[in-house]
Amino acid sequence: MWLETSAAKIILSEIFHPRMKALWMSNPTRCAACRFLRRRCPQDCVLAPYFPSSNPERFSCVHRIFGASNVTKMLQQLPVHLREAAADSMFYGASLRVEDPIYGCVRIISQLQHHILEAQSELLKTNGQIASNIAQHQLQQQQNAVLGVSYHQDQQISEPSGLSSDMQAFANDCYLHP
């Protein structure tokens with residue numbers, strides 16, 4: 001920018017009042033929050049690390065839903081190491097609320113809970129099938145033992161594609177050894 005040259009700084013010192021020059025020289029880039037609120041950005045601005053001037057839409061969205069004062073209060077009440085995650089959460093929640101004013105992030109949470117329930121149901125069904133197959137195999141082994149049929153320990157079942165060696169060992173133990 002043309003203001004960053006030394007000649008521009010000299011011109012600025014001649015044009016601007018000393019207080020204005022000090023204000024500009026102390027913090028030439030304001031954070032998105034201070035820029036949006038049209039105020040001076042202090043060196044210890046709570047919002048500056050989480051709302052950079054390069055992304056003004058981020059603060060605009062959060063400000064629209066939570067308000068600048070509330071965002072500042074929430075961030076000040078948190079330990080420094082948790083503030084970035086809180087700012088990200090506020091932005092995520094606010095952007096979803098702007099996109100969907102009725103449900104906001106609740107729609108995503110509901111969808112994820114539904115996916116979890118489907119996965120748990122599928123897991124229960126698969127575990128039931130495994131238990132059923134193991135029970136059938138044990139029954140078949142007992143019937144074969146009564147009839148006098150024995151399995152040789154060196155027999156191996158062919159490894160289906162995608163099974164790890166641990167799963168192969170488990171399958172061999174279950175199916176070949178009484």
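Biologist: Is cysteine 105 buried, exposed or partly exposed?
Modeller: Cysteine 105 counts as partly exposed, because its relative accessibility is 29%. Keep in mind that this is a predicted model.

Biologist: And cysteine 41, buried or exposed?
Modeller: Cysteine 41 is buried, since its relative accessible area is 6% and the cut-off for buried is under 20%.

Biologist: New topic. Where is phenylalanine 36?
Modeller: Phenylalanine 36 sits in helix H3, which covers residues 32-37. With 39% relative accessibility, phenylalanine 36 counts as partly exposed.

Biologist: Which residues does phenylalanine 36 contact, leaving aside neighbours within four places in sequence?
Modeller: Phe59, Ser60 and His63. Serine 60 is 24 residues from phenylalanine 36 along the chain, yet their C-alpha atoms are 7.3 Å apart.

Biologist: Now the helices. At roughly what angle do H5 and H6 cross?
Modeller: Roughly 150 degrees, and their axes come within 9 Å. H5 is residues 68-77 and H6 is residues 80-99. That angle makes H5 roughly antiparallel to H6.

Biologist: Is the crossing left-handed or right-handed?
Modeller: The crossing of H5 and H6 is right-handed.

Biologist: Which residues make the contact?
Modeller: H5 contributes Val71, Met74, Leu75 and Gln76, while H6 contributes Arg83, Ala86, Ala87 and Met90. By class, six residues in this contact are nonpolar, one is polar and one is charged.

Key
Residues numbered from 1 in each chain as written. Predicted model: local features only at pLDDT ≥ 70, side-chain atom pairs only at ≥ 80, totals over all residues. Heavy atoms only, no water. Axes fitted to C-alpha atoms, helices over the stretch in contact; angles between N-to-C directions. Helix = DSSP H or I, 4+ residues; strand = E, 2+ residues; numbered from the N terminus. Parallel < 35°, antiparallel > 145°, perpendicular 65-115°, else oblique. Left-handed = near helix turned anticlockwise from the far one by under 90°. Contact = heavy atoms within 4.5 Å. Nonpolar A, V, L, I, M, F, W, Y, C, P; charged D, E, K, R; others polar. Buried < 20%, exposed > 50% of the residue type's maximum accessible area, 1.4 Å probe, protein only.
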